[in-house]
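The following questions and answers are meant for a reader meeting this model for the first time. Please look through the sequence and the structure before reading on.

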Amino acid sequence: MTLPATEAPKGPLSGVVVADFTRILAGPYCTMLLADMGATVIKVEGPGGDDSRQWIPPHRDGVSTYFLSVNRNKHSVALDLKDPADLETAHQIVDSSDVFVENFKPGGLERFGLDAASVAERWPHLIHASITGFGTEGGRTMPGYDLLVQGMSGFMSVTGTPDGPPQRAGVAMFDVITGLHTAIGILGALHERAQSGQGQHLQLDLLSSALSGLVNQTTGYAACGNVPQRLGNDHPSLYPYGPFPTSDKDLIITVGNDSQFARLVNTLGVAHLAEDERFATMKDRNNHRDILRPMLVEALSTGTADEWFTKLQAQGIPCAPILNIDEGVEYADRLGLNPVVETGSGDQAVPTIKNPMSFSRTPVGYDKAPPALGADQATVLAWLEERRRHG
């Protein structure tokens with residue numbers, strides 16, 4: 001017996017069962033990706049539900065869009081782990097799963113028999129993924145909120161204008177990056193289990209994911225002791241690379257090599273700049289930014305952002321307007337990317353942003369709308385009973 005959905009899962013993870021004991025963003029984003037790929041995901045929530053259910057505004061028909069953004073294709077049950085009967089149900093869910101994902105504080109699951117050691121002993125086949133904010137050693141008592149990690153990773157120190165304060169990102173980016181890392185780790189562990197027959201424990205934390213996600217900035221420090229500073233919208237290694245004013249508004253121009261720079265200045269009507277020894281190479285342009293910038297700005301002032309966008313694109317020069325969220329979604333739609341998908345069907349359908357993965361044979365699915373708290377309680381309990389009766 002499988003848990004019913006609007007349609008039977010057909011994705012690449014069809015047949016995989018995930019016990020999802022996560023809340024907020026990093027864990028739910030990970031498990032939603034697995035669910036999109038066809039895994040059966042049972043979302044176990046406390047009696048009060050995932051905290052993000054209450055994070056309003058914005059909302060759709062009174063339901064937090066924060067919650068909607070990371071919880072489609074899941075089956076919700078509400079369990080109080082302090083209640084012996086509910087704890088037994090939780091154990092049955094884990095017993096019936098291939099993957100167990102949780103983001104409890106370190107040590108928080110020991111009294112429920114769901115800590116790493118207990119899980120490894122009782123369910124040796126299980127892939128157990130634990131997500132924390134700052135690891136299980138010196139940072140075990142620290143709460144794992146994305147903004148704290150943005151601050152402590154160094155990200156905010158390199159974000160913002162040189163003369164302004166450190167700046168946060170406009171999204172909880174390290175929650176998302178950690179969710180992606182967790183999903184990748186689970187897929188790797190599932191592949192290895194197919195060969196060994198054994199499960200294993202994965203440990204991920206937001207700070208380590210942040211340091212990895214800062215790529216060239218953190219590696220610059222690790223490899224040569226470089227400590228980067230805020231450059232506003234400029235790039236530390238590439239120029240021109242960032243927003244430039246035109247006659248009406250800014251246009252992003254990203255030149256990654258000398259050939260692109262030559263095409264840029266030729267299109268702008270200042271082709272001689274490509275032959276100027278101060279700007280001939282990327283290193284030269286980086287060293288003479290303050291001289292080059294006003295020359296480019298003067299040339300760009302003769303047209304609007306939309307006019308230059310059209311001209312530069314035609315010459316293969318990477319550039320982009322700066323859009324609002326609504327404009328960004330609508331632009332993706334004009335490109336044929338179909339960014340908004342209906343999840344679920346009928347009155348339960350909810351518009352969500354599509355999964356960015358496209359499989360040629362085993363497509364991702366959008367069968368089940370983000371569930372109300374405990375909406376699938378009876379179905380999951382019946383499924384567990386059926387599995388129990390059939391051994």
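Helices (H or I, at least four residues) and strands (E, at least two) are DSSP runs, numbered from the N terminus. This is a predicted model, in which local features need pLDDT of at least 70 and side-chain atom pairs count only at pLDDT 80 or more, while totals for chains, interfaces and linings use all residues. Residues are numbered from 1 along each chain as its sequence is written, and side-chain values use heavy atoms, with hydrogens and water left out.

Q: How many helices and strands does the protein have?
A: The C-alpha atoms of the protein fill a box of roughly 80 × 50 × 40 Å, taken along the principal axes. Within the protein, the secondary structure comes to 14 helices and 13 strands.

Q: What percentage of the residues of the protein count as buried?
A: A residue is called buried under 20% relative accessible area, exposed over 50% and partly exposed in between, with a 1.4 Å probe and protein chains only. By that rule, the share of the 391 residues that count as buried is 43%.

Q: Which residue forms an aromatic pair with F21, and in which strand does that residue lie?
A: Rings of Phe, Tyr and Trp (its six-membered ring) pair if their centres lie within 6.5 Å, and planes under 30 degrees apart count as stacked, over 60 as edge-to-face and the rest as tilted. The structure holds 4 aromatic pairs, and one of them is edge-to-face, joining F21 and F100 at 5.1 Å centre to centre with 90° between the planes. Both of these residues, F21 and F100, are buried. The pair links distant parts of the chain, 79 residues apart, with F21 in strand β1 (residues 17-21) and the partner, F100, in strand β6 (residues 99-102).

Q: Why is the pair of Y239 and F244 edge-to-face?
A: Both Y239 and F244 are buried. Their ring centres lie 6.1 Å apart, and the pair is edge-to-face because the planes stand at 70°.

Q: Which residue has its charged end over the ring of F261?
A: A charge sits over a ring if NZ of Lys or CZ of Arg is within 6 Å of the ring centre and within 35 degrees of the ring normal. R23 lies over the face of F104 in this way, at 4.4 Å from the ring centre. Over the ring of F261, 4.5 Å from its centre, sits the charged end of R285.

Q: How far apart in space are D290 and E385?
A: D290 lies in helix α11 (residues 289-300) and is exposed, with a relative accessible area of 72%. D290 and E385 are 95 residues apart in sequence, and their C-alpha to C-alpha distance in space is 71 Å.
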